[in-house]
Amino acid sequence: MSETDTSPLRGLLAPMGRCNLLVPGAMVAEVLAYSVPEPAGGPDWLLGQLFWHGSPLPCIDLECMATGTPAASSSRRRLLVLKRVDSVRHGEFLVMLVQGSPRLTHVRPDNLEPDPNGLHGTGIAAAVRLDGGPAVIPDFAAMDRLLNDLQPA
């Protein structure tokens, strides 16, 4: 967004354990009720695989990827099917665990600011405050690299 462009961007804000997940609305393919992923082996942040429209998709716990600690379990868990940045090698989508129902939001220069005290770590591009509340913007390219490193070429 240029400094002269003040048009709001559509985003999806979803609760996680320590903050909210903020993703561009255009990247969200579907929001699913929680179901247990099939174990796939690998690091703790890789919860397993979820079959969506007949294809196995990696299921990620972003908070665990960033902090090394798995997200606390919640009865309100949901799964977000998101478009992948690097869809060349291993599929066009991934699944991310969230701890509640996401909501649509508008992101504008006047309601978004950096949060130096927010959640930082692997898989997180930026910690921000949206309308005063903590949120993180995922680093999809880093997630793609980590997923690609786990899978044979």
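**Entry 1**

The model is a predicted one, in which local features need pLDDT of at least 70 and side-chain atom pairs count only at pLDDT 80 or more, while totals for chains, interfaces and linings use all residues. Residues are numbered from 1 along each chain as its sequence is written, and side-chain values use heavy atoms, with hydrogens and water left out.

Strand β4 (residues 46–52) and strand β5 (residues 55–60) are antiparallel and share 6 bridges. Strands here are DSSP runs of E with at least two residues, helices are runs of H or I with at least four, and both are numbered from the N terminus. Two strands count as paired if DSSP finds at least two bridges between them. Another bridge in this pair sets Gln49 against Pro58 in β5.

The hairpin has 2 residues between its strands. His53 is not a glycine, yet its phi is positive, about 50 degrees. Most residues other than glycine have a negative phi. Is His53 buried or exposed? His53 is exposed, because its relative accessible area is 67% (buried means under 20%, exposed over 50%, partly exposed in between, with a 1.4 Å probe and protein chains only).

**Entry 1: the sheet**

I followed β5 to its other neighbour. β5 and strand β7 (residues 93–98) run parallel and are joined by 2 bridges. Ile60 stands opposite Met96 in β7.

In what order do the strands of the open sheet come? The order of the 5 strands is β3-β6-β7-β5-β4, with mixed pairing. β3 (28–33) and β4 are at the edges with a single partner strand each, so one side of each has no neighbour in the sheet. Neighbouring strands of this sheet are turned by 30 degrees against each other on average, direction ignored (axes are lines fitted to C-alpha atoms, for helices over the stretch in contact, and angles run from 0 to 180 degrees between N-to-C directions).

**Entry 2: single residues**

I looked up Arg84, in the loop between β6 (78–83) and β7. Arg84 is buried, at 6% relative accessible area. The side chain of Arg84 makes a polar contact of 2.7 Å with the side chain of Asp144. A polar contact is a pair of N or O atoms within 3.5 Å; within protein, one must be able to donate a hydrogen and the other to accept it, and residues adjacent in sequence count only if both atoms are side-chain atoms.

Asp131 sits in the loop between β10 (124–130) and β11. Asp131 has a positive phi near 50 degrees and is not a glycine. I recorded Asp131 as exposed because its relative accessible area is 52%.

Leu62 lies in helix α1 (residues 62–67) and counts as buried at 0% relative accessibility.

**Entry 3: pocket lining**

Which strands each supply at least two residues of the lining of the largest pocket? They are β1 (9–15), β2 (20–24) and β11 (133–138). Among the lining residues I listed Leu9, Val23, Ile137 and Phe140.

Definitions and conventions: On a 1 Å grid over the protein atoms alone, a cavity is a set of points where a 1.4 Å probe fits but cannot get out, and a pocket is an open set with protein on both sides within 12 Å along at least five of seven lines; lining residues have an atom within 4 Å of a point.
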